[in-house]
Each structure stands twice: as structure tokens, then as C-alpha cells.
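Please open the model in a viewer and keep the selection panel at hand. The tour moves from the whole chain to a single pair of side chains.

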Amino acid sequence: LREECGVSGWTLLQFLGDAVLVPAGAPHQVQSLTSTIGVEQRFLSPENAARLRDHSTQPQLRAQLDGMIFSAVREAVGVLRGCK
């Protein structure tokens with residue numbers, strides 16, 4: 001990749017208690033040297049979800065994003081109802 005596209009990779013060792021944040025959209029690869037439990041959290045901001053939905057031509061993706069947006073709004077309304 002370095003020669004073809006000018007992209008270089010990083011190698012790191014992760015130890016107990018370490019967290020690695022990979023930027024959204026960045027390709028990555030993991031090699032476990034021992035038995036490992038991996039936890040992954042994907043995040044899509046409401047602003048980007050709405051923008052992605054507006055520009056998507058794929059009905060399945062639009063439906064998934066509609067569901068995500070609806071759930072986020074429902075949760076926010078529930079929080080606001082609890083604030084008196």
C-alpha cells in the first residue's frame with residue numbers, strides 16, 4: 001500500500017487496560033497473540049446519520065437509518081420527560 005497509494009500502517013502492542021481508538025472509516029486489522037475477548041463499539045452521530053440517510057439511494061440503508069434516528073429521538077424524549 002505504501003508504494004501504490006502512499007498509505008503506511010502502524011503496529012502496536014495493547015496491554016491489559018489499554019484502549020485503542022480507530023477513527024471512523026479507517027481500515028484496521030487485529031492479530032491476537034493470546035486468548036482475547038474483544039469489545040467493539042460503533043458510533044454514528046445523529047448529524048451524520050441524517051446526512052447519510054438524505055444522500056442514500058439504498059432503501060435498506062435508509063430504513064436502518066430511520067430506525068436508528070427514531071430510537072435516538074425516542075430515548076431523548078424519554079430523558080426530557082424525566083427532567084421536571
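The stops below begin with the overall fold and end with one contact.

This is a predicted model, in which local features need pLDDT of at least 70, side-chain atom pairs count only at pLDDT 80 or more, and totals for chains, interfaces and linings use all residues. Residues are numbered from 1 along each chain as its sequence is written, and side-chain values use heavy atoms, with hydrogens and water left out.

**Whole chain.** Helices (H or I, at least four residues) and strands (E, at least two) are DSSP runs, numbered from the N terminus. The C-alpha atoms occupy a box of roughly 50 × 35 × 20 Å along the principal axes. The radius of gyration is 19 Å, whereas a compact globule of 84 residues would have one near 12 Å; the value is taken over C-alpha atoms, and the globule rule is 2.2 Å times the number of residues to the power 0.38.

**Burial.** Colour next by relative accessible area. Of the 84 residues, 5% are buried (buried is under 20%, exposed over 50%, partly exposed in between; 1.4 Å probe, protein chains only).

**The salt bridge.** How many salt bridges does a search of the whole structure find? The search finds one, the term meaning a side-chain nitrogen of Lys or Arg within 4 Å of a carboxyl oxygen of Asp or Glu. Select Arg53 and Asp66, whose closest N and O atoms are 2.3 Å apart. The pair links distant parts of the chain, 13 residues apart: Arg53 lies in helix 2 (residues 46-55) and Asp66 in helix 3 (residues 59-82). Arg53 is partly exposed at 21% relative accessible area, and Asp66 is likewise partly exposed at 33%.
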